Amino acid sequence: MQFRTTGLLLLGAMALPASGTAQTPAAPPAITRTVIAATKLPIVTNLPVHFKAVSVTLQPDEGSSVAAASGILYQMSGSTEIVLGGEVKMLNAGEGLFIADGKAAALTAGSGTPSIFLHFFLVPAGELGRPAETAPAVVRELYRTASPIPNLNPGNYDLNLTRVTFPAQMPSNPPHHRSGAALYFILSGTGANTVDGKTEARGPGSLIYEPHDLVHQWGNPGR
């Protein structure tokens with residue numbers, strides 16, 4: 001089975017080299033990366049910032065709204081019509097949309113089935129408790145970083161939501177760390193996540209936070 005994740009990545013202008021000695025297989029299977037939504041942020045160091053993730057459910061034809069910190073929606077199932085800045089976009093399963101800080105968006109679930117989506121936020125510390133989508137949406141917080149994202153340098157950052165697929169029996173990739181930080185949500189399959197030499201299985205619904213200095217590896221040893 002393929003191992004598939006989606007995650008919010010805050011990436012600096014320059015990728016940092018991997019730490020430790022990396023042994024690369026002679027013919028590694030291909031990892032597929034699909035950018036679902038992306039934007040550039042001119043600065044992220046004016047206030048301490050956290051990652052936060054919520055799950056949102058809207059019943060068919062129900063409406064809601066959101067005006068929160070910068071974030072990206074990822075449609076899990078059903079569909080959602082989003083009106084943002086006078087433009088209308090319909091999100092179907094596997095699609096996403098960036099909503100900028102303070103921009104109000106009106107959300108309406110499609111007909112027939114509930115709309116279920118994830119909303120990933122990059123939020124200043126002082127706004128962590130700010131509500132996400134309004135009632136009647138059912139909002140369940142999945143994760144928030146316990147402390148602000150560390151080691152962010154002045155300058156531009158890319159904020160993107162990327163879906164990553166690891167093929168079956170893929171060995172763990174070389175040890176590496178990020179120029180910014182990432183928060184991953186496991187969509188399907190079970191992957192192997194190695195940190196400090198300890199490998200753990202990570203299955204659907206797991207959330208994994210990778211700050212700048214976390215040296216880690218991902219693989220998919222299963223079939």
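1. Start with S77. Its bridge partner in β10 is I116. β5 and β10 pair in the antiparallel sense, over six bridges. Strands here are DSSP runs (E, at least two residues), numbered from the N terminus, and two strands pair if DSSP finds at least two bridges between them. In general, strands of a sheet pair through backbone hydrogen bonds, either parallel or antiparallel.

2. A word on the model. It is predicted: local features need pLDDT of at least 70, side-chain atom pairs count only at pLDDT 80 or more, and totals for chains, interfaces and linings use all residues. Residues are numbered from 1 along each chain as its sequence is written, and side-chain values use heavy atoms, with hydrogens and water left out.

3. Now the sheet around that pair. Five strands form an open sheet in the order β8-β5-β10-β3-β11, with antiparallel pairing. Its edge strands are β8 (96-99) and β11 (138-144), and each pairs on one side only. The twist averages 20° from one strand to the next; axes are lines fitted to C-alpha atoms, and angles run from 0 to 180 degrees between N-to-C directions.

4. A three-strand open sheet has the order β15-β14-β17, again with antiparallel pairing. β15 (198-202) and β17 (216-219) are the edge strands. Four bridges join β14 (residues 191-195) to β17. A192 has G219 as its bridge partner in β17.

5. Look at β12 next. Nine of its ten residues are buried, so β12 is largely enclosed by the rest of the structure. Buried means under 20% relative accessible area, exposed over 50%, and partly exposed in between (1.4 Å probe, protein chains only). β12 runs antiparallel to β2, joined by nine bridges. T39 stands opposite L159 in β12.

6. Which residues have the most contacts inside the largest nonpolar core? They are L10, F51, F120, L122 and I149, in a core of 25 residues. Such a core is a set of buried Ala, Val, Leu, Ile, Met, Phe, Trp, Tyr and Cys residues joined through side-chain atoms within 4.5 Å. Apart from it lies another core of 20 residues, including V54, V56, L58 and L73.

7. The whole structure has one cavity of 30 Å³ or more. The largest cavity has a volume of about 60 Å³. Among the residues lining the largest cavity are K52, F121, E127 and R130. A cavity is a set of points on a 1 Å grid over the protein atoms alone where a 1.4 Å probe fits but cannot get out; lining residues have an atom within 4 Å of a point. The volume is the space filled by probe spheres set on the points.

Conventions: On a 1 Å grid over the protein atoms alone, a cavity is a set of points where a 1.4 Å probe fits but cannot get out, and a pocket is an open set with protein on both sides within 12 Å along at least five of seven lines; lining residues have an atom within 4 Å of a point.
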